[in-house]
Each structure stands twice: as C-alpha cells, then as structure tokens.
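Subject: Structure for you to look at

Hello,

Here is the structure I promised to pass on. Please open it and keep it beside you while you read my notes.

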Amino acid sequence: EMQVLTRLRHPAIPNVRDFFQEEQGWFLVMDYIQGKTLEQELEAHRQAGTTFPNQQAVVDMLGVLEVLHYLHGQTPQLLHRDIKPANLIRDPATGRLMVVDFGLARSFDDNQSAMHTTVGTLGYSAQEQLMGKPEVRSDLYSAAVTLYEMVSGIRPTLAGVKPLTSKTMPQFDAALSAILVPMPGVSPSAIDLAVKGANETLPDYARIARWIPSEAFTAANGL
C-alpha cells in the first residue's frame with residue numbers, strides 16, 4: 001500500500017517521496033504544503049460570526065471530491081478514511097484545497113467483509129467506518145459533512161447532521177440543503193428537481209449531487 005501511495009500523481013495531492021518504518025510504525029515523506037488548513041479557516045469564520053459563501057464552499061469541495069474520485073479509481077481502490085477540515089490545506093499559490101495526511105489510507109477490496117481496525121475522526125466518519133467496515137461511500141460522507149460545516153458553521157457530531165434551515169444556514173439554499181441532508185424517503189429525482197432550481201450555480205450543484213448521492217448519507221448511516 002505504501003508503494004501505491006508513492007505512485008499517486010494528482011495536482012491536489014502532495015507527492016509521496018518515500019516511506020520508512022520505525023518502532024512506532026510506518027511513516028510517509030510527502031511534499032510540504034505551506035498554507036492554512038480548512039480547520040483554521042473555519043475557526044476564523046466562527047470568530048467573525050460568518051460562514052463560507054455557498055459557491056466558494058461548493059467549488060472547494062468539488063476539488064476534494066475529484067481527488068476522492070481519483071483515489072477510488074485506483075487498482076485496487078484507495079480509501080482516504082480521514083477526510084476532515086484539518087486534513088485539507090489551501091495552497092496559497094493556486095487557492096485550491098490540497099488533500100493531505102494519507103496515514104490512514106488503505107486499499108479496498110469489495111470482497112473484504114471488514115477492513116483493518118476502527119479508524120477515523122468522530123463526527124466526520126460514517127457509522128460503517130467506525131464499525132471497521134469503511135467503503136467508498138464513507139469518504140463521500142466525510143466530504144459531505146465537511147461541506148455542511150463550511151456553509152453552516154456547525155461541527156458534525158456522532159449523531160450526524162440535521163437538515164439545514166434559514167436559521168442554521170446563513171445563506172440558506174434549499175437545493176444545496178437537499179443534496180447535503182436528504183430527508184428519509186426523498187428520492188434522487190426530488191433532489192434533481194431541487195438542483196434544477198439553483199439558477200446560476202446549477203452546474204456546480206449538479207456536479208455535487210452527482211459526486212455525493214443520497215446513498216452516501218442514507219446507506220452509510222442507516223437512515
């Protein structure tokens with residue numbers, strides 16, 4: 001798996017230069033990215049009483065989802081298993097979010113009934129990952145709740161996330177809310193209709209809806 005990581009080449013993934021083993025375990029040597037983490041940016045917004053503009057948050061997360069698509073498209077598939085604001089660093093040169101900390105990344109085999117041990121970060125990890133059975137949808141869930149936090153300022157918890165309203169989402173947008181927190185029983189076609197009402201942000205919203213299908217929430221969290 002370490003050798004697989006050294007072969008990754010994506011503009012939003014720091015290159016893995018080497019790896020080595022010590023008594024404490026395996027270590028990766030990656031390119032250093034100088035910039036603020038998304039966690040630091042979120043904290044600055046909290047102190048200012050603001051949130052990310054919806055459009056910026058969507059564009060930022062589309063970049064992260066493209067990285068996940070790249071990882072999931074490897075042979076064998078790679079799962080990051082720890083997507084969260086602290087592991088996303090904004091490259092000051094390009095403005096894009098870089099996905100870092102691949103210490104928990106593992107290859108995934110559809111035939112595996114379980115995968116290694118329970119890892120991840122509470123609040124950002126889907127229930128099946130916390131049960132030691134991560135899958136592709138687990139990474140998508142982590143990306144979705146991160147986007148949820150960007151537009152609401154609300155940290156996700158073990159209890160999951162609640163539907164966004166005009167009180168919990170300063171720049172309330174029904175289409176984005178429907179994508180991030182599909183209500184039980186809401187069909188994909190209903191979400192598509194909500195997306196079609198997003199006007200000028202339609203292209204990005206449509207891409208978000210494609211990357212984060214409702215199953216990432218409903219199936220991953222037993223809703």
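Val29 sits in strand E2, which covers residues 25-30. Keep in mind that this is a predicted model. Is Val29 buried, exposed or partly exposed? Val29 has a relative accessible area of 33%. That value lies between the 20% and 50% cut-offs, so Val29 counts as partly exposed. Together with Phe20 and Phe27, Val29 makes a nonpolar surface patch of about 220 Å².

Next, helix H2.

H2 runs over residues 38-48. Within H2, Leu38, Glu41 and Leu42 are buried. Viewed down the helix axis, the buried residues of H2 fall within an arc of 100°, so they line one face of the helix. What do these buried residues pack against? Their partners are E4, strand E5 (97-99) and H5. Just after H2 comes Gly49, with a positive phi of about 75°.

Now the charged pairs.

Side chains of opposite charge can pair when their charged atoms come close. How many salt bridges does a search of the whole structure find? The search gives seven.

One of them joins the side chains of Glu41 and Arg90, at 2.7 Å from N to O. This pair links distant parts of the chain. Glu41 is in helix H2, and Arg90 is in strand E4 (residues 88-90). They are 49 residues apart. Both Glu41 and Arg90 are buried.

Glu43 takes part in a salt bridge with Arg46. Their closest N and O atoms are 3.8 Å apart. Both residues belong to helix H2, three residues apart, which is about one turn of the helix. Glu43 is partly exposed, at 32% relative accessible area. Arg46 is partly exposed too, at 24%.

Glu43 also forms a salt bridge with Arg155, and here the closest N and O atoms are 3.4 Å apart. This pair again links distant parts of the chain, 112 residues apart. Glu43 is in helix H2, while Arg155 is in the loop between helix H5 (136-152) and helix H6 (174-180). Arg155 has a relative accessible area of 48%, so Arg155 is partly exposed. Which residues are linked in a network of salt bridges? They are Glu43, Arg46, Glu149 and Arg155.

Thr51 has a relative accessible area of 13%. Buried means under 20%, so Thr51 is buried. The side chains of Thr51 and Gln171 are joined by a polar contact of 3.5 Å. Leaving out residues up to four places away in sequence, Thr51 touches His45, Met150, Val151, Ser152, Gly153, Pro170 and Gln171.

The other is Pro163, in the loop between H5 and H6. Pro163 counts as partly exposed, with 38% relative accessibility. Pro163 and Leu180 are 17 residues apart along the chain. Their C-alpha atoms are separated by 8.2 Å.

To find your way around, begin with Glu43 in helix H2.

Best wishes

Note on methods: Residues are numbered from 1 along each chain as its sequence is written. This is a predicted model: local features need pLDDT of at least 70, side-chain atom pairs count only at pLDDT 80 or more; totals for chains, interfaces and linings use all residues. Side-chain values use heavy atoms; hydrogens and water are left out. Helices (H or I, at least four residues) and strands (E, at least two) are DSSP runs, numbered from the N terminus. Buried means under 20% relative accessible area, exposed over 50%, partly exposed in between (1.4 Å probe, protein chains only). A polar contact is a pair of N or O atoms within 3.5 Å; within protein, one must be able to donate a hydrogen and the other to accept it, and residues adjacent in sequence count only if both atoms are side-chain atoms. Contact means heavy atoms within 4.5 Å. Patches are made of residues with over 30% relative accessible area and no salt bridge: like charges are joined within 9 Å, nonpolar side chains (Val, Leu, Ile, Met, Phe, Trp, Tyr) within 5 Å. Accessible areas come from the Shrake-Rupley method with a 1.4 Å probe; for residues, only the protein chains shown count as cover. A salt bridge is a side-chain nitrogen of Lys or Arg within 4 Å of a carboxyl oxygen of Asp or Glu. The arc is that of the directions from the helix axis to the C-beta atoms.
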